[in-house]
Amino acid sequence: MSVVIVNYNAGNVQSVTYALQRLGVEPMLSADPDIIRSADKVIFPGVGEASTAMNFLRKQGLDQVIKSLKQPVFGVCLGLQLMCKHSEENDADCLGIFDVQVRKFEPKLKVPQMGWNNLENMNSPLFADLPEEPYVYYVHSYYAELSEYTVAETEYVNRFSAALQKDNFYALQAHPEKSGKVGEQILHNFLKL
């Protein structure tokens with residue numbers, strides 16, 4: 001099985017690579033459209049700022065490539081946010097795979113949310129064989145609103161989409177590569193899709 005991690009200067013690619021290696025998978029890092037299109041599975045991680053990341057994706061033509069993919073695609077953290085329609089982070093128009101707005105948390109609690117929080121109302125093959133309301137690791141100041149694509153929720157300041165799914169596109173706001181056994185199981189479940 002070939003797994004490609006999209007390499008677009010905004011990824012936490014090393015920790016995702018190590019997490020996949022622990023599962024016995026040797027991923028390839030690439031920004032080459034042909035390599036990405038030919039992969040069995042594509043992981044779209046991200047750490048950084050939405051408008052800068054979108055500008056880079058557009059310059060490389062990767063915005064159109066990602067939207068056109070037919071194999072399972074897994075967006076992580078900023079990857080989830082970039083798969084949405086629009087982000088309040090520097091007023092960024094994003095990929096629009098999910099017709100969802102990304103909002104900034106109100107500073108009622110410490111922002112960014114940094115640390116462990118649980119997943120609730122899980123409804124996706126990504127969450128097979130997980131305990132009820134498992135804990136995952138978050139680092140984010142922006143969140144995807146609840147929508148018809150929400151397949152897991154978390155509460156911090158307000159309820160938000162912890163995970164989204166539409167057709168072959170899956171996305172998780174938390175970092176599976178930093179979420180211990182739960183995160184390992186989520187990655188394993190994605191690789192089985």
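Start by selecting Glu120, Glu153, Glu155 and Arg159: in this predicted model, these four residues are linked in a network of salt bridges. Zoom in on Glu120 and Arg159, where the closest N and O atoms of the salt bridge are 2.5 Å apart. This pair links distant parts of the chain, 39 residues apart: Glu120 is in the loop between β8 (113–118) and β9, and Arg159 is in strand β12 (residues 158–166).

Now colour by accessibility. Glu120 has a relative accessible area of 16% and is buried, because the cut-off for that class is under 20%. Arg159, at 27%, counts as partly exposed. Stay on Arg159 and bring in Glu155, as their side chains also meet in a salt bridge, 2.8 Å from N to O. Glu155 is partly exposed too, with 44% relative accessibility.

How many salt bridges are there by this rule? The count comes to eight. For another one, select helix α6 (residues 180–192), which holds both Lys181 and Glu184, three residues apart, or about one turn of the helix. Their side chains meet in a salt bridge of 3.7 Å, N to O. Lys181 is exposed, at 68% relative accessible area, while Glu184 is partly exposed, at 28%.

Next, show strand β4 (residues 73–76) with its side chains. Which residues point which way from β4? Val73 and Gly75 go one way and Phe74 and Val76 the other, and all of them are buried. In a regular strand the side chains alternate between the two faces of the sheet.

Strand β3 (residues 41–44) runs parallel to β4, joined by three bridges. Strand β13 (residues 169–172) also pairs with β4 in the parallel sense, over four bridges. Click on Gly75 to see both contacts: Gly75 is the bridge partner of Phe44, and Gly75 also stands opposite Ala171 in β13.

Finish at the largest pocket, which has a volume of about 210 Å³. To display its lining, select Val47, Gly48, Cys77, Leu78, Gln81, Glu89, Val139, His140, Ser141, Tyr142, His175 and Lys178. Which elements each supply at least two residues of this lining? They are α5 (78–82) and β9 (135–140). Coloured by class, the lining shows five nonpolar, five polar and two charged residues.

Technical notes
Residues numbered from 1 in each chain as written. Predicted model: local features only at pLDDT ≥ 70, side-chain atom pairs only at ≥ 80, totals over all residues. Heavy atoms only, no water. 1 Å grid on protein atoms, 1.4 Å probe; cavity = no way out; pocket = protein on both sides within 12 Å on 5 of 7 lines; lining within 4 Å. Points joined across faces, edges and corners; volume = space filled by probe spheres on them. Nonpolar A, V, L, I, M, F, W, Y, C, P; charged D, E, K, R; others polar. Buried < 20%, exposed > 50% of the residue type's maximum accessible area, 1.4 Å probe, protein only. Pairing = 2+ DSSP bridges.
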